[in-house]
Each structure stands twice: as C-alpha cells, then as structure tokens.
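Work through the exercises below with the sequence and the coordinates side by side. Each task is followed by a solution in steps.

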Amino acid sequence: MTTTGFQRARSVEAKRQRENAVLDAARALGGERGIRQVTLTDIAEAVGMHKSALLRYFETREQIFLRLTADGWREWSPALRASLDALDAPDARSSVATAQAVATAQAVARAFASSLAARPMFCDLLAQAPLNLERNVSLESVRAFKLVTLEEVDLIVTSVRRLLPTMTERDVVDIVAAATSLSGALFQMATPGPEVEALYRSDPRLAHAVVDVEPRVTRMLAGMIDGFLAGRIAP
C-alpha cells in the first residue's frame, strides 16, 4: 500500500480524526488476525501512513491496543449492566430468599459469561493488557487506562449488589476480576489456531483441550458467587 498521500494533521479535530482512523484500523486487524499478530507497520499501512508518522499520534503499538481495551470496557460494562438490570432481585423477606438468590447467582454468572463470550476481541485484549499492553507505554497511559476500568467496575458493583445485596463490594470486585481474567485466558485456549484445533479434535485423548468459553466461565463464576453467598444468606 502506498503511503505517499499522507498529510500530517494540522488541527485538533484533524488529529482526533487521524487517531480514530488508527484505532479503527487496529480494531479491524486485531479482530481478523488476533492482537499478537498485528504490528505497528500493519496498522500504519492500513491507514496509509509511514510507521514514523503514526508515532506522532501514539507512543507505541501497545498504547493503541490499550486504548482499544479501555474502549472495550466502556462498551462492555453498560451492556452487562443492562443484562443485570433486567434480572429480578430476590426479596430478602421471602421464605424462599435462599432459593431465589441461588437462581439469581446463576443468572448473574451467565450474564457475565455470555456478554464476554460475545466480545472475542475484548477477551483477547483482556488477556494481552497485563501481559504486554501495560508494559510498553507511559505511566500516564497506564493511569488513564486504569481509571477507566475502575469507573466501570464501580458501576458493575452497584448493579450486582442490587441483585445480591449480601455480597460485599470486595466480593463483586473479585467476581469482575475473575470473569475478565478467565474469559481472557480461556479465549486464548479456545483459539489455538486452525491446525492445532484440528489436532485437538482429531485425537480423543486431547478432547479436553477444546475449550468452550461461555459455559466454562458461567460454571466457575456461579460456583464463586455461591461460595460468597453461602455464609451470608439465612436458610
């Protein structure tokens, strides 16, 4: 792809548009190839600029994808909260409060798992963020990213505790951490590449290596939530 037509952005609005073009290109390439396979040169070529010109807008390849991870949190969190808000909270005064809470715990786990499984690139980013995306950027970029995640986690905590009021804030923070970490890690296991996946499916002894993210995350989160609730709901 030729890059001779690139002109440096001269205004704030032009700079913002150029940054968005870079983010859009990285998002498309990451969704197609996987985050690890996308280089800074790939992104620069996709938007029609030289790599050196792209570095006027972003510090590193990692900063680009860290920005996309923050965008992913901003998109996923309200979708998850909408699913949670659609669930009925148990009536603590009811004689069947325990059974209702257990049912709600399953529903909460399912809401987390299904919303994450529906966002494979976000799962990929969640796995890559602590491994490398936070390691080759400025401290200010890390700070900005963490503030976004903290804000969204706080909102998720409020939604979950509305449904399961006996859970503490720390409990729910741990649930969010488990959901995002598990989904990120299991996504990597579920997408080993076509040749390796074919190997797993061809040999019954390797069947356990074929991972279905959503049901596994649902099961593990439900067990975790039930464990938090076990000592806090009166029989």
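The exercises cover pockets, aromatic pairs and the nonpolar core.

The model is predicted, with local features needing pLDDT of at least 70 and side-chain atom pairs pLDDT 80 or more, while totals for chains, interfaces and linings use all residues. Residues are numbered from 1 along each chain as its sequence is written, and side-chain values use heavy atoms, without hydrogens and water.

**Exercise 1. Describe the largest pocket by its volume and its lining.**

Step 1. A pocket is an open set of points on a 1 Å grid over the protein atoms alone, where a 1.4 Å probe fits and protein lies on both sides within 12 Å along at least five of seven lines; lining residues have an atom within 4 Å of a point. A volume is the space filled by probe spheres set on the points, which are joined across faces, edges and corners.

Step 2. The volume of the largest pocket is about 440 Å³. Its lining has 21 residues, and Trp-73, Leu-126, Lys-146, Thr-180 and Ser-181 lie nearest the centre.

Step 3. Two or more lining residues come from each of helix 4 (61-85), helix 6 (120-133), helix 7 (139-163) and helix 8 (169-190). Helix 8 gives the most, eight residues. Helices here are DSSP runs (H or I, at least four residues), numbered from the N terminus.

Step 4. By class, twelve lining residues are nonpolar, five polar and four charged. Nonpolar covers Ala, Val, Leu, Ile, Met, Phe, Trp, Tyr, Cys and Pro; charged covers Asp, Glu, Lys and Arg; the others, Gly among them, are polar.

**Exercise 2. Describe the second largest pocket in the same terms.**

Step 1. The second largest pocket holds about 240 Å³ of space. Of its 15 lining residues, Arg-33, Gly-34, Asp-124, Phe-187 and Thr-191 lie nearest the centre.

Step 2. Helix 1 (12-33), helix 6 and helix 8 are the elements giving two or more residues to this lining. The classes are five nonpolar, seven polar and three charged.

**Exercise 3. Which residues do ring pairs link into a cluster, and how are the rings of Trp-73 and Phe-122 arranged?**

Step 1. Rings of Phe, Tyr and Trp (its six-membered ring) pair if their centres lie within 6.5 Å; planes under 30 degrees apart are stacked, over 60 edge-to-face, and the rest tilted. The structure has four such pairs.

Step 2. Trp-73 and Trp-76 form an edge-to-face pair, because their ring centres are 5.5 Å apart and their planes stand at 75°. These two residues are three apart in helix 4, so about one helical turn separates them.

Step 3. Trp-73 and Phe-122 are also edge-to-face, with centres 6.0 Å apart and planes at 90°. This pair links distant parts of the chain, as Trp-73 is in helix 4 and Phe-122 in helix 6, 49 residues apart.

Step 4. Trp-73 is buried (under 20% relative accessible area), at 6%. Phe-122 is buried, at 6%.

Step 5. The cluster consists of Trp-73, Trp-76, Phe-112 and Phe-122.

**Exercise 4. Which members of the largest nonpolar core touch the most others?**

Step 1. A nonpolar core is a set of buried Ala, Val, Leu, Ile, Met, Phe, Trp, Tyr and Cys residues joined through side-chain atoms within 4.5 Å.

Step 2. The largest core has 64 residues, and Ile-43, Phe-65, Trp-73 and Phe-112 touch the most other members. Helix 4 gives the most to this core, nine residues.

Step 3. Leaving out residues up to four places away in sequence, Ile-43 touches Val-22, Ala-25, Ala-26, Leu-29, Val-38, Leu-54, Ile-64 and Phe-65, where contact means heavy atoms within 4.5 Å.

Conventions. Buried < 20%, exposed > 50% of the residue type's maximum accessible area, 1.4 Å probe, protein only.
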